[in-house]
Amino acid sequence: MNDMTTPSKALSDAEERTANEAAYRELLASLHVARHAAWLGGPQATRDKHIQRGRLLVRERIAILLDPGSPFLEIGELAGEGLYEGVAPGAGIVTGVGLVQGRACMVIANDPTVKGGTYFGMTCKKHVRAQRFARQHRLPCITLVDSGGAFLPDQANIFPDEGLFGSIFHHQVGMSSEGIAQIAVVLGACTAGGAYIPALCDEIVIVRAKGFMFLAGTQLVQAATGERVDPEQLGGADMHSSVSGVTDHIADDDGQAIAIARRLVGELPAMPPCLRDRVPVVAPSRPPTDIYGIVNRDTRKPTPMRELLKCLLDAGDLGEFKAEFGDTLITGFARIGGWQVGVLASNGVLFTESAAKATHFIDLCCKRNVPLLFLSDVAGFMVGREAEQGGISKAGAKFITAMSSARVPKFTIITGGAYGAGYLAMCGRAFQPNAMFMWPNARAAIMGPDQAATTLALVKRQNLKAGETWTADEEDAFKAPIRQHYETFAAARNFARQLWVDGILDPAETRETLTLLLDIASRVPTPETHFGVFRM
Ligand code: COA
């Protein structure tokens, strides 16, 4: 414990790094616990029951669907963490990009061990997010369906609004009309919405005696119409394959069904070629794991971005643009995994000059069709008289106009604290980056916890009636819960839970993730950018 009366001895650089790394490894350990829980899915007893029924677990299904050694980039891995009692992170569905027959596909797989694979509000949002990613990158979708449809108690978050269950169908139809292939494998009892999802796919594979599709199960049918019918007649594989014609291929078990799905992917038109050049990969000049020691364990202290870049970019090389101007934002061309990117990396508070530089640089990248990579660690835009008189609001508006209008692929990684309009300008979620991740140490909010507590305390103090007192202790007691609320809100885990980002990346995974994303994005033609009006 620190003795508060004597100043603590300053640590050497090496000691600082060791202390930072120890703190970072704790964050990673906590992340890995959550990932493991997501990977397991439902409770042990439910998984045992599922296996005894002769069926594969969702992760086993995905493993045999993907090519041996394929990467699997999960989208929304920790979505829903802690939101539903007794439900593992992931919200009962696994979504991600992997290779099938050598081509990148979006895999969307219900986990039937989590409340019968039913859809919570977050499950709907995650399914829709995976579809939007697939649609933007024209990836075939393979849906491993095993779902009881809506989780009925959560209907307010499933049924009425855009972005929920109905949007799954809307995207399916939209993708189909755009020629994006969708293959469904019906592996369990798929009821109501769970039946429409495969029905809206191009081709359906169903497993005999295990896969069922019906708009209502046998009990509901009896209650609604009085008709007594067994599940096989109502929606079994043989009935649908030979009588209704709803399904197209029949299999004897999960493994065979997934093998058929792989064959169907192989029959699709060839994967589009890369439309951008790629040079041989060069390792960064510093190992990515050095990032653990570089990120300051005290979130109020800045992390040196230039050091991070050495761990992230091929050869650690950045062809810097306007290095001597607007240095609170670093801009320049670099390669990651051999792919060219235009880097915009935070290096402090955004000033008029840094915003103008960002605008110029984004324009260059759009003209040259170079994807943008935002590395966000920004307290916001500069405030105050000098900044206002220097036109910070119009410079910020230009930056936002350029970033928002740019139609080149955009990727955002929050590496530190991203706050307020700075979070937005560095391609926040509202601007629909192709993908957006946070590091475990990262935070994002309208403002920092101290600033929020101080602002609200100032407002309260201004509104005190004449003669009313407010002691320093009372002010501290007022501020403490606000600070706590902001800290909890801003945490990367909260952003991942709410699906406000696509997930949390270990910094050491960042390069390979971006390499995969850049490859996928390079196979889609880039629409022409038409910038909005720039306020001069
Ligand atoms: N809404 C809410 N909870 C549901 C549910 C639904 N639609 N369907 C299943 N569950 C819950 C069950 O209550 C059970 O919860 P528990 O683990 O807390 O006990 C859990 O999901 C697993 O259900 P269970 O029936 O034990 O598993 P199963 O593997 O034998 O069967 C289904 C799974 C989905 C086939 C079966 O539960 C079913 O037919 N559900 C009804 C589906 C339906 O009618 N949906 C209409 C939606 S509009």
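## Ligand contacts

A polar contact is a pair of N or O atoms within 3.5 Å. In this predicted model, an oxygen atom of the ligand lies 2.9 Å from an N or O atom in the side chain of R53, while nitrogen atoms of the ligand are placed 2.7 Å from a polar backbone atom of G148 and 2.9 Å from a polar backbone atom of A150. The protein covers 53% of the 860 Å² of accessible area (Shrake-Rupley method, 1.4 Å probe) that the ligand has on its own.

The shell around the ligand holds 13 residues (a heavy atom within 4 Å), of which R53, K115, G148, A150 and L152 come nearest. By class, this shell has six nonpolar, four polar and three charged residues, with Gly counted as polar.

Pairing requires at least two DSSP bridges between two strands. β14 pairs in the parallel sense with β13 (residues 372-378) over six bridges, with L373 and F411 as bridge partners. Parallel pairing also joins β14 to β15 (residues 435-438) over four bridges, where F411 stands opposite A435, and to β16 (residues 443-445) over three bridges, where G417 stands opposite R443.

## Basis of the values

Residues are numbered from 1 along each chain as its sequence is written, and side-chain values use heavy atoms, leaving out hydrogens and water. Local features need pLDDT of at least 70 and side-chain atom pairs count only at pLDDT 80 or more, whereas totals for chains, interfaces and linings use all residues.

How values were computed:
Helices (H or I, at least four residues) and strands (E, at least two) are DSSP runs, numbered from the N terminus. A polar contact is a pair of N or O atoms within 3.5 Å; within protein, one must be able to donate a hydrogen and the other to accept it, and residues adjacent in sequence count only if both atoms are side-chain atoms.
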